[in-house]
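Colleague: I have the model open and would like to go through how it is put together. Could you take me through it piece by piece?

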Amino acid sequence: IGVSNIKDELSEAIRLCNANVLVGEWVPFGANSIVALCERLGALDRCQGGFFTALVDKTPLNTNFKVPTGLTDVKVIDFDLIHFCNIEAEINYPEEKGIVQVESFGMHMNMDGSVFCGIK
């Protein structure tokens, strides 16, 4: 069992074993958004996916980009350029010693706006 770094007083603890979680939602987007997503993830490239960050490169012509630890590794599992994109993501964020956290999940984005996130 891992440790916690929550700084709040907790009155309940839940322990899950062999849990599956699937979250679905509808986001208003269409085929153009799926095409743009596939292009940005490099779905059509020879080497799909890559490491992504929320930071913006202010000097894109330079040959280096320094970011703090915590990039997200995204792999394109399956896609149809217009209809859907299935990805698997792994968040590489360092945790304190003893903390165990699931940092890998899958996503399905469809042109009808349905988005599903799953973790096992």
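**Strands, helix and core**

Modeller: I87 stands opposite M107 in β5, and the two strands concerned, β4 and β5, pair in the antiparallel sense over seven bridges. Strands here are DSSP runs of E with at least two residues, helices are runs of H or I with at least four residues, both numbered from the N terminus, and two strands pair if DSSP finds at least two bridges between them.

Colleague: Before we go on, what kind of model is this, and which pLDDT cut-offs apply?

Modeller: This is a predicted model, in which local features need pLDDT of at least 70 and side-chain atom pairs count only at pLDDT 80 or more, while totals for chains, interfaces and linings use all residues. Residues are numbered from 1 along each chain as its sequence is written, and side-chain values use heavy atoms, with hydrogens and water left out.

Colleague: OK, what is the strand order in the open sheet?

Modeller: The six strands are ordered β1-β6-β5-β4-β3-β2, with antiparallel pairing. Because β1 (21–26) and β2 (50–52) stand at the edges with a single partner strand each, one side of each is left without a neighbour in the sheet.

Colleague: And what joins β3 to β4?

Modeller: A hairpin does, through three residues, and eight bridges link these antiparallel strands, with V76 placed opposite I87.

Colleague: Which residue in the turn between β5 and β6 has a positive phi?

Modeller: That is G113, with a phi of about 100 degrees, in a hairpin that has three residues between its strands. β5 (residues 104–110) and β6 (residues 114–119) pair over four bridges, and M109 has V115 as its bridge partner, while H108 has F116.

Colleague: Switching topic, where does helix α1 lie?

Modeller: Helix α1 (residues 31–40) lies across β2, β3 (72–80), β4 (84–91) and β5, at about 45 degrees to β4; such angles run from 0 to 180 degrees between N-to-C directions of axes fitted to C-alpha atoms, for helices over the stretch in contact, where contact means heavy atoms within 4.5 Å.

Colleague: Last one, how many residues has the largest nonpolar core?

Modeller: The core has eleven residues, among them I34, V76, I87, M109 and V115, and its largest share, three residues, comes from β4. A nonpolar core is a set of buried Ala, Val, Leu, Ile, Met, Phe, Trp, Tyr and Cys residues joined through side-chain atoms within 4.5 Å, and buried means under 20% relative accessible area with a 1.4 Å probe, protein chains only.

Notes: Buried < 20%, exposed > 50% of the residue type's maximum accessible area, 1.4 Å probe, protein only.
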